[in-house]
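Here is a walk through one protein chain. Look at the sequence and the fold first, then read on.

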Amino acid sequence: MSALPDWSLAPAADIARAVSDGTVEVREVVAAALARIARIDPAVNSFTDILGARAIARAAALDAARACGEALGPLAGVPFAVKNLFDVAGLPTRAGSRINRERAPAARDAALVRRLEAAGAVLVGALAMGEYAYDFTGENVHDGNTRNPHALGHMSGGSSGGSGAAVAAGLVPVALASDTNGSIRVPSAFCGCFGLKPTYGRLSRAGSFPFVGSLDHLGPMARSSRDLALAYDALQGPDPEDPAATSRPAEPALPDLDRGIADLRIAVAGGYFANRGDPEAFAAVARVAGALGVTGSVEIPEAARARAAAYLITAAEGAALHLDRLRERAGDFDPAVRDRLLAGAMLPAPFVERAQRFRRWYRDAVLDLFREVDVILAPATPCRAPRSGQTSFVLDGVALPVRANLGLFTQPLSFIGLPVVAVPVWLDDGLPLGVQVVAAPWNESLCLRVAHHLERAGAVRAPVAALEDAP
C-alpha cells in the first residue's frame with residue numbers, strides 16, 4: 001500500500017479518509033505516531049504514559065474489521081492522546097499530582113475516550129498537566145515542565161499543556177483536554193493550535209478527575225478547524241453518568257463548517273478585553289477582525305468583577321474537593337497549588353455566596369448582548385508564552401505574577417459556560433498568540449464556522465513545530 005511521507009503529520013480527516021478507502025492500514029499510522037513520539041517527546045515532555053501495546057492491538061483490530069468490510073467510523077485510525085485527568089483503563093488517573101498516582105488503576109476509559117474510539121480513533125497515551133488542573137503555565141514539579149514545541153525555553157500554557165504541546169509538536173492530530181478557567185484556550189494560544197471549550201454541559205465529564213464542578217469543561221484540541229469539528233461531533237451526546245450533561249441531542253458542526261460567515265453578526269470585545277495586555281495580543285484580534293471584515297465592538301459588562309468572582313468560586317470549590325488530601329498529605333502537593341487551595345479553604349462563605357449571586361446577574365447581562373451579535377472576538381491571553389520559570393511580567397506598566405494572570409481574558413467567559421474556539425495567530429516570526437471566538441450557549445457550530453473561514457483565508461494557522469533536530 002502507498003502512504004504519505006509521514007502519516008504522523010497528516011490531518012485527522014486525511015487519515016480517516018485514507019484508512020477508510022484502504023490507502024493505508026491503521027497499523028502504519030499508529031507505528032508512525034509512536035515512532036514520532038519516541039523521537040520528539042523527550043524534548044517536549046508532553047506524555048506521561050505511552051500506550052504502545054494498547055494502540056498496536058487496537059490498530060490490528062481495526063485493520064481486521066476493515067478487511068471484513070466493516071465501516072470504521074469518522075475518525076478511522078486517527079491517533080489521539082488525553083490529558084491525564086481522563087480515566088484510561090489500566091492506569092491510575094494521576095491528574096498531574098503525586099498523590100493520585102497511588103490510586104488503583106481505572107477500571108474503564110472515560111466517556112469521551114470511549115466515544116472517540118467508537119468513532120474509530122486510537123488512543124496512544126496520556127498527557128502531562130498542571131497539578132489538579134490548578135495551573136496556567138504547563139509547569140509540574142512532579143513530572144517536569146512541558147515545553148513549548150515552538151520554543152523549548154518557553155511555557156506551553158496550562159493546565160492542558162501536554163495536550164497543546166503534543167498537538168503542536170505533531171505527535172497526535174487530536175488531543176482531549178479540560179478547561180475550567182482557560183486551560184484549553186491558554187495552551188492553544190501559546191502552542192499555536194485550535195482548541196474548543198464547549199458550552200458548559202455539552203460534553204460528558206464522566207470518568208474525569210474534577211477540579212471545580214460548576215466550571216469544569218472537557219473538549220478537543222487539534223491542528224485544524226476541520227479536525228476540531230470532526231472530533232467535537234464524535235464527542236457529543238447526552239450522558240446520564242454526568243449530572244451536568246445536557247439532554248440535548250447531538251448537534252453536528254461539521255455539516256455547517258463551509259457555510260461561511262455572511263449571515264453572522266460579529267463584533268470585537270472592547271473595554272476590559274481591550275486593555276491589560278501586550279500590544280501584540282490586541283494586534284492578533286485586529287488581524288482576525290480585519291480578515292472577517294469586522295468593524296463594530298461590544299462591551300461585556302463587569303468582566304473584571306466576573307474574573308474576580310471566578311477566582312473565588314474556583315478557590316472555594318477546589319479547596320472543598322481536596323480538603324482531606326490537604327489535611328493528610330499537604331507535603332505531597334506542589335507548594336504553589338497547596339497554598340492557593342489552603343487560601344480557598346479559608347474564604348468566608350458570604351464571599352462565595354455573593355460571587356454566585358453575581359454570576360447569575362452576569363450571565364443574563366452577557367446573554368443580552370447576543371441579541372445584537374452572534375459572535376464576539378477577544379484575546380485569549382495577555383501576552384505570548386513567557387519563558388519557563390518566569391514568575392512575573394509587566395502589563396500596562398504594572399508588574400504582575402504570571403501564573404495568576406494568564407487567564408485574564410479566559411476566565412470571564414468560562415465563568416458562565418459560553419462556547420469558545422481559540423484560534424492561533426502568527427503576527428511575525430515570533431511565538432503565536434490566540435484569539436477567542438465566542439458565541440451564545442449551544443452555538444459551537446458558529447465558532448467553528450468562523451474559525452474555518454479564518455483558516456481558509458490564511459489569517460490563522462497551526463503549523464507543526466520544527467523539532468526534527470531537537471536533542
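Is glutamate 241 buried, partly exposed or exposed? Glutamate 241 is partly exposed, with a relative accessible area of 47%. Here buried means under 20% relative accessible area, exposed means over 50%, and partly exposed lies in between (1.4 Å probe, protein chains only). This is a predicted model, where local features need pLDDT of at least 70, side-chain atom pairs count only at pLDDT 80 or more, and totals for chains, interfaces and linings use all residues. Residues are numbered from 1 along each chain as its sequence is written, and side-chain values use heavy atoms, with hydrogens and water left out.

Start with the charged pairs. The structure holds 29 salt bridges. A salt bridge is a side-chain nitrogen of Lys or Arg within 4 Å of a carboxyl oxygen of Asp or Glu. Glutamate 241 forms one with arginine 108, at 2.7 Å from N to O. This pair links distant parts of the chain, 133 residues apart. Glutamate 241 sits in the loop between helix 7 (225-235) and strand 9, and arginine 108 in the loop between strand 2 (79-83) and helix 4 (111-118). Helices (H or I, at least four residues) and strands (E, at least two) are DSSP runs, numbered from the N terminus. Arginine 108 is also partly exposed, at 42% relative accessibility.

Aspartate 135 and arginine 403 make another salt bridge, at 3.0 Å from N to O. They lie 268 residues apart, with aspartate 135 in the loop between strand 3 (122-127) and strand 4 (147-148) and arginine 403 in helix 12 (residues 402-405). Aspartate 135 is buried, with a relative accessible area of 5%. Arginine 403 is partly exposed, at 23%.

A further salt bridge joins arginine 456 and aspartate 258, at 3.3 Å from N to O. Arginine 456 lies in helix 14 and aspartate 258 in the loop between helix 7 and strand 9, so the pair ties together parts that are 198 residues apart in sequence. Arginine 456 is exposed, with a relative accessible area of 60%.

Now turn to helix 8. This helix covers residues 279-292. Its buried residues are Ala281, Ala284, Val285, Val288, Ala289 and Leu292. Seen down the helix axis, they fall within an arc of 130°, so they line one face of helix 8. That arc is taken from the directions from the helix axis to the C-beta atoms. The face turned away from the buried side carries the exposed residues Pro279 and Gly290. What covers the buried residues includes strand 11 (375-379), strand 14 (420-425), strand 15 (433-439) and helix 14 (444-457). Glycine 293 follows helix 8, and its phi is positive, near 70°.

Strand 15 deserves a look of its own. 7 of its 7 residues are buried, so strand 15 is largely enclosed by the rest of the structure. Leu433, Val435, Val437 and Ala439 point one way, while Gly434, Gln436 and Val438 point the other. Strand 15 runs antiparallel to strand 11, with 5 bridges between them. It also runs antiparallel to strand 14, joined by 6 bridges. Strands pair if DSSP finds at least two bridges between them. Valine 421 stands opposite valine 437 in strand 15.

Terms used:
Expected span 1.5 Å × (residues − 1). Contact = heavy atoms within 4.5 Å.
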